[in-house]
Amino acid sequence: MSAQAQMRALLDQLMGTARDGDETRQRVKFTDDRVCKSHLLDCCPHDILAGTRMDLGDCSKIHDLALRADYEIASKDRDLFFELDAVDHLESFIADCDRRTELAKKRLAETQEEISAEVAAKAEKVHELNEEIGKLLAKAEQLGAEGNVDEAQKVLQEVERVRSRKREAEEEYRNSMPASSFQQQKLRVCEVCSAYLGLHDNDRRLADHFGGKLHLGFIQIREKLEQLKKTVSEKQEKRNQERLKRREDREREERMKRRTRSRSKERKRSRSRERRRHRSRSSSREKRRSRSRSRDRERKRRHRSRSRSKGRRRSPRDRSRDRSSKHKSSRDRSSRDRSRDRSRKEKSSSERRQESMNGKSESRRSEEREAGEI
């Protein structure tokens, strides 16, 4: 890759698809199904194992560093749950690798000579010590490349101790096997990358294997798978808690609504009861009023019937009432006659006095006239 292509890829990785306004690149979004979700999460086996003995070639989906940058920017605001797709992809790949490992083990069991359980255990111990030496040498090389010389020296000292243990284990294994069988190469399948390891491999070969890109790539894929599973479980737990919280909130709201509805229904019932009571009271009042009106009408009708049937037979109560009314009217007439007689007497006495006074005045006048004539 030229320097210009490397700079372009670096800018894409940092700024995304919209760094130079190229609309053709913006047509494919990172949410498209054609985009590799494992590539967006930087765990696609096609990228990790590129250039190794198990190079898988180009991925069938789109790989673009700019789309990865877009995904990283968008994932800061919301969860997109692309980890589910990546977990499915990596699980299928690791399952294929484990199947190849089992097939290689079966093939070795068919081709190599049968040995006793004790000898097999000793050979297994030698293989384990070889793996430990290879891992320590790979770690020491990595520390030396990083500039941490003191730690690298400590790791090399640990390698020497493991080598001494390996020599002892090889001596035990040699003593338990005949010379012809001991010279035969005993192979073992690596549980990580399904590669073949020899019992008599030297330290350089073991360091190259355990520090190689293939073995480290498989370790990276397996660690990334475990990390993604943990992330998915945490997000699912969080989503379940949020869902449970929303459900509780909905149930609380429903309870509140039911309470408000029950209260409103109770109010309506109380109001309807009050209305019924009011209506019953008003109807009872109307009934009483209608009864009183009917009674009044009946009394008036009876009174009219009594007035019409005066000549008919009356009850003792009516007769007593008539007598009392007649007696009262006669008393009233007698009192009126007496008052009339008094007024007449008074008037006649006043007229007499007036006449007497008039007579006296006339006699005086006549006497005065006679005296004047004389």
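Reply: V126 is buried, with a relative accessible area of 0%; buried means under 20% relative accessible area, exposed over 50%, and partly exposed in between, with a 1.4 Å probe and protein chains only. V126 lies in helix α7 (residues 117-146), where helices are DSSP runs of H or I with at least four residues, numbered from the N terminus. Between V126 and E170 the C-alpha to C-alpha distance is 6.4 Å, although 44 residues separate the two in sequence. This is a predicted model, in which local features need pLDDT of at least 70 and side-chain atom pairs count only at pLDDT 80 or more, while totals for chains, interfaces and linings use all residues. Residues are numbered from 1 along each chain as its sequence is written, and side-chain values use heavy atoms, with hydrogens and water left out.

Me: How many disulfides does the structure hold?

Reply: A disulfide is a pair of cysteine sulfur atoms within 2.5 Å. The structure holds 0 disulfides. For C36, the closest cysteine sulfur is that of C44, and at 3.9 Å it is too far for a bond. C43 is likewise in no disulfide, its nearest cysteine sulfur, in C44, being 7.4 Å away.

Me: Is C43 buried or exposed?

Reply: C43 is buried, at a relative accessible area of 0%. C36 is buried as well, with a value of 2%.

Me: How many salt bridges does the structure hold?

Reply: A salt bridge is a side-chain nitrogen of Lys or Arg within 4 Å of a carboxyl oxygen of Asp or Glu. The structure holds 16 salt bridges. One of them joins K235 and D79, with the closest N and O atoms 4.0 Å apart. This pair links distant parts of the chain, with K235 in helix α11 and D79 in the loop between α5 (65-75) and α6 (83-111), 156 residues apart. K235 counts as buried at 18% relative accessibility, whereas D79 is partly exposed at 42%. D79, E83 and K235 are linked in a network of salt bridges.

Me: Which salt bridge does E158 form?

Reply: E158 pairs with R161, the closest N and O atoms being 2.3 Å apart. The two residues are separated by about one helical turn, because they are 3 residues apart in helix α8 (residues 149-176). E158 is partly exposed, with a relative accessible area of 27%, and R161 is also partly exposed, at 45%.
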